[in-house]
2 protein chains.
Amino acid sequence: MQKHDPHLESYIKSSRSQYEDLLAQMVEIPSISSDPAHAADVRKMGAAATRILKNFGAEARMVETSGYPAVSGGWFVGNHYPTVTIYNHLDVQPADEPEWRHSPFSFQKEADRYRGRGTTDDKGPALTALFAARYAIEEKLHLNIRFLWELEEEIGSPNFVEALRQQALVPRSDSVLVSDTIWVAKQRPAIPCGLRGLLSARLTLQTGSTDVHSGLTGGGARNPLAELCEVANACVDAQSGDVKIPGFYDKVVKPTQDELKEFLASGFQVNRFKQAYQLRSLRTDNRAELLKRIWAAPTFEIHGLTGGHTGPGVKTVVPASGELKVSMRLVPNQRPDKILTLLRRHVKDINPNVRVVSDGKLEPFRGLSTGPYAEALLRSVQAGFGKVPVMVREGGSIGAIDHLDRTWNAPILFMGLSLPEHGYHAPNEYFDWGQASGGIRTFVHYFRELSQMGRQSAMKKKPKRSAR
Amino acid sequence: MQKHDPHLESYIKSSRSQYEDLLAQMVEIPSISSDPAHAADVRKMGAAATRILKNFGAEARMVETSGYPAVSGGWFVGNHYPTVTIYNHLDVQPADEPEWRHSPFSFQKEADRYRGRGTTDDKGPALTALFAARYAIEEKLHLNIRFLWELEEEIGSPNFVEALRQQALVPRSDSVLVSDTIWVAKQRPAIPCGLRGLLSARLTLQTGSTDVHSGLTGGGARNPLAELCEVANACVDAQSGDVKIPGFYDKVVKPTQDELKEFLASGFQVNRFKQAYQLRSLRTDNRAELLKRIWAAPTFEIHGLTGGHTGPGVKTVVPASGELKVSMRLVPNQRPDKILTLLRRHVKDINPNVRVVSDGKLEPFRGLSTGPYAEALLRSVQAGFGKVPVMVREGGSIGAIDHLDRTWNAPILFMGLSLPEHGYHAPNEYFDWGQASGGIRTFVHYFRELSQMGRQSAMKKKPKRSAR
């Protein structure tokens with residue numbers, strides 16, 4: 001990494017104990033957004049974060065929504081300077097796993113490692129950006145730096161858009177940096193520049209009013225579960241995963257050869273992937289093929305089938321109804337609305353009695369991989385970690401990104417600091433000083449680049465998604 | 001009905017109040033075998049039944065098993081006389097339905113109707129046979145009459161065979177009469193002479209150790225629910241119900257034209273069937289086709305699919321495992337063991353990772369529709385109810401019949417007294433004096449016929465099932 005900046009290096013070194021103190025304070029608030037029993041803790045986290053921002057000299061406040069608030073704050077330096085917003089979230093996953101070796105909400109420092117729920121997802125990265133921002137402000141960069149810290153990310157950002165709509169409290173930025181993603185391997189920084197979208201649906205079929213005896217009715221009565229299995233089968237090839245809905249692939253933009261080369265350079269290993277997710281076997285063990293499938297190809301998943309008997313053993317009923325829970329991950333340029341129409345049409349062709357109930361959707365997101373922002377970020381990561389990052393994609397969907405993109409229509413870039421071994425959503429989660437210090441360095445460089453770029457009038461409106 | 005037997009008619013008339021008293025006593029014991037909270041009531045029912053038999057002058061005792069006992073008793077008249085055993089059960093279904101208009105275990109007499117859980121299934125018919133037997137014994141018929149009253153029928157007769165094996169307490173009979181079936185319509189007595197068999201199985205597939213995030217793994221990870229839907233689809237045509245397992249239909253004996261004529265003469269109505277089971281639509285509305293399917297054709301049902309998310313909404317997980325719960329109703333001459341082999345082979349062809357776990361089996365049963373016993377029974381029903389009965393089949397399977405057939409290898413005949421409107425397994429269940437009095441008349445005639453037949457040496461061993 002680029003250590004020829006002794007003033008920055010000295011700032012980073014001298015900040016470490018304060019960083020660790022603040023991370024400990026944040027981790028010890030069990031801000032589990034999915035658990036109503038922790039509602040007070042989630043709000044306490046918001047208040048603590050507001051206080052931390054103020055203590056750093058920023059203005060800050062909680063922005064109320066129908067759910068949990070978001071924390072919004074930062075430094076306003078000048079009207080003619082560009083503004084960047086750093087997005088993180090301060091709510092955390094539950095920590096019920098029996099594998100925890102210590103209390104997940106008591107912060108543990110083990111040499112360079114910081115252990116506890118939320119250290120890497122996403123409190124450690126949030127704090128990293130804050131330390132970098134303070135340095136940039138002290139350096140008097142011509143840049144307004146803002147923070148937007150969500151408290152509902154782990155539950156799918158149901159009310160985030162309400163915070164975004166309060167423009168006086170959450171002003172639009174010229175660009176956004178999202179710091180909530182994971183590198184593919186420690187040895188190679190990874191910048192995701194795409195997220196899959198999502199379309200969830202429930203396929204329901206009712207053929208009776210009550211489960212009936214299969215001896216008395218079987219053969220004459222329709223079996224809604226068998227019919228829903230037929231529909232499932234008509235939507236997806238269970239072996240290959242290929243989606244059979246006519247027109248489903250029409251708008252898919254395949255990854256370019258350059259993108260595939262970057263994917264392969266990411267350090268991704270098939271066996272490590274299998275181990276990480278405890279998968280016994282995969283649809284393919286070919287590295288390039290697997291990467292294409294999990295990052296850049298759409299899917300159709302069966303998540304569950306309700307109806308009939310789901311207790312132990314077999315109960316010989318003909319079920320009255322069933323509900324097949326499905327979702328599709330979508331890639332550029334698939335549009336959830338269009339895909340929903342295709343799904344409805346196909347299901348109707350197969351079985352006109354099956355109702356398709358839409359259960360939520362997120363547009364696929366194609367981030368910037370070229371242009372001044374992407375290039376600035378690449379240089380900054382290289383400066384921060386001493387390695388050229390690879391451009392990858394994320395197979396998941398981040399609800400907040402979709403909202404930010406629609407509301408602000410500003411360039412959104414991703415700079416995550418988490419490593420696969422950190423245990424995202426897993427027991428014994430940790431973050432480490434290597435990623436934190438490299439992160440501060442990276443963010444400072446990126447802030448410098450942004451201040452030098454000035455307000456990119458050409459980038460105020462980014463090109464339409466469909467043109468990418 | 002044949003009322004030119006004034007002595008019998010006077011016995012029936014004079015028995016009515018005792019019949020009602022005893023039925024009330026029996027109904028008011030909530031002998032719900034499926035509910036462990038009623039274990040004491042089930043045993044109390046056995047003790048009460050034993051007492052009733054003794055009060056009628058029969059010898060009687062409870063025959064213990066690993067579960068609930070069976071009640072065995074009767075009259076021994078002479079060594080050279082034939083013996084008939086009447087099978088009934090005295091355990092009942094739960095009665096939790098909110099539609100009950102009075103307490104299900106308080107006996108209600110409404111003119112000719114006797115209302116309460118267990119009145120028609122199967123306490124009323126059991127008592128009917130007992131009143132007929134007392135008359136036959138008083139008539140000094142050359143016939144030994146025995147009763148075998150089970151207390152585990154509603155839970156699938158798991159320990160019944162243990163009672164049958166105690167030959168000193170439950171001696172083999174020359175023939176058996178089972179009184180636990182329903183006519184198809186009130187206006188036409190129905191004698192079932194076939195039961196479908198059953199093969200239950202769980203098809204399990206595990207592809208991971210824990211449900212994983214479909215964004216992070218979807219496309220690469222296998223989806224066990226999609227694969228099990230594929231297997232389901234390869235086993236059964238969801239629309240027609242046709243079973244796709246190769247060889248499945250090879251041994252099926254189709255109903256004869258004569259049988260089909262009898263089916264059609266049973267009074268079966270498609271709309272009444274739909275109403276009775278609250279089915280919105282059927283696989284066919286053709287009467288003959290429907291009867292063939294529910295009585296004389298095998299099936300493949302999906303009863304449930306576990307795995308993944310079955311709570312409200314959609315949760316975007318790739319499930320780690322799934323279990324498809326299936327069963328097949330079988331008809332003569334399909335053998336459950338052979339069908340299980342065919343199923344295993346077919347599933348292995350479709351998906352070698354799917355495990356097939358057998359969950360229980362019952363042979364299909366083809367009863368007697370010709371020969372001296374069947375003819376005697378036909379004449380008796382005509383004498384009892386004044387109408388020629390039709391020979392039908394039952395689509396269900398009665399576990400006890402399979403055990404009786406294997407253990408005794410004696411002719412088994414069916415003479416049920418329940419009507420569709422009685423509400424078998426339904427709220428506001430009732431029995432009525434018309435069926436009880438006609439039943440006493442029928443049984444007395446049948447006992448007379450049996451005593452005249454003597455011991456049918458030719459029928460001691462009935463022909464092998466496979467020859468039928």
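## Close-up views of a predicted model

**In helix α7 (residues 257-264) of chain A, the buried residues are Glu259(A), Glu262(A) and Phe263(A).** This is a predicted model, in which local features need pLDDT of at least 70 and side-chain atom pairs count only at pLDDT 80 or more, while totals for chains, interfaces and linings use all residues. To find your way around, residues are numbered from 1 along each chain as its sequence is written, while chains are lettered from A and ligands numbered from 1 in the order in which they are written. Helices (H or I, at least four residues) and strands (E, at least two) are DSSP runs, numbered from the N terminus. A residue is called buried if 20 or more other C-beta atoms, placed from the backbone, lie within 10 Å of its own, exposed if 12 or fewer do, and partly exposed in between. Glu259(A), Glu262(A) and Phe263(A) cover an arc of only 105 degrees around the axis, which puts them on the same side of α7(A); the arc is that of the directions from the helix axis to the C-beta atoms. On the other side of α7(A) you will find Gln257(A) and Asp258(A), both exposed. The buried residues of α7(A) pack against α9 and β16 (390-394) of chain A; here, contact asks that the C-beta atoms of two residues, placed from the backbone, lie within 7 Å.

**In chain B, helix α7 (residues 257-264) packs against helix α9 (residues 287-296) at an angle of about 105 degrees, with the axes 10 Å apart.** That makes α7(B) roughly perpendicular to α9(B). The word covers angles of 65 to 115 degrees, whereas under 35 counts as roughly parallel, over 145 as roughly antiparallel and the rest as oblique. The axes are lines fitted to C-alpha atoms, for helices over the stretch in contact, and the angles run from 0 to 180 degrees between N-to-C directions. Look for Leu260(B), Phe263(B) and Leu264(B) on α7(B), meeting Arg287(B), Ala288(B), Leu291(B) and Trp295(B) on α9(B). By class, this contact has 6 nonpolar, no polar and 1 charged residues. Ala, Val, Leu, Ile, Met, Phe, Trp, Tyr, Cys and Pro count as nonpolar, Asp, Glu, Lys and Arg as charged, and the others, Gly among them, as polar.

**Helix α2 (residues 39-55) of chain A lines one face with its buried residues.** Its 17 residues reach 25 Å from first C-alpha to last, close to the 24 Å expected at 1.5 Å a residue, where the expected span is 1.5 Å times one less than the number of residues. Buried here are Val42(A), Met45(A), Gly46(A), Ala49(A), Thr50(A), Ile52(A) and Leu53(A). Seen down the axis of α2(A), they fall within an arc of 160 degrees, so they line one face of the helix. The face turned away from that buried side carries the exposed residues Ala40(A), Arg51(A) and Asn55(A). The cover over the buried residues of α2(A) includes α1 (6-27), β1 (59-63), β2 (70-75) and β6 (144-150) of chain A. Just after α2(A), Gly57(A) takes a positive phi of about 95 degrees.

**Chain A meets chain B through 65 residues of chain A and 65 residues of chain B.** Among the elements of chain A that each supply at least two residues to this side are β9 (197-206), α5 (214-217), α9 (287-296) and β13 (321-330). The largest share, 7 residues, comes from α6(A). By class, the side of chain A that touches chain B has 21 nonpolar, 31 polar and 13 charged residues.

**A cis peptide bond joins Asp121(A) to Asp122(A), with omega near 15 degrees.** Asp122(A) is found in helix α3 (residues 119-138) of chain A. In chain B, the bond from Asp121(B) to Asp122(B) is cis, with omega near 15 degrees, and Asp122(B) sits in helix α3 (residues 119-138) of chain B. Most residues other than glycine have a negative phi, and most peptide bonds are trans.

**Ser157(A) is not a glycine, yet it has a positive phi of about 55 degrees.** Ser157(A) lies in the loop between β6 and α4 (160-165) of chain A, and counts as buried with 25 C-beta neighbours inside 10 Å. Asn409(A), also not a glycine, has a positive phi of about 50 degrees. Asn409(A) belongs to the loop between α12 (399-408) and β17 (412-414) of chain A, and is partly exposed, with 14 other C-beta atoms within 10 Å.
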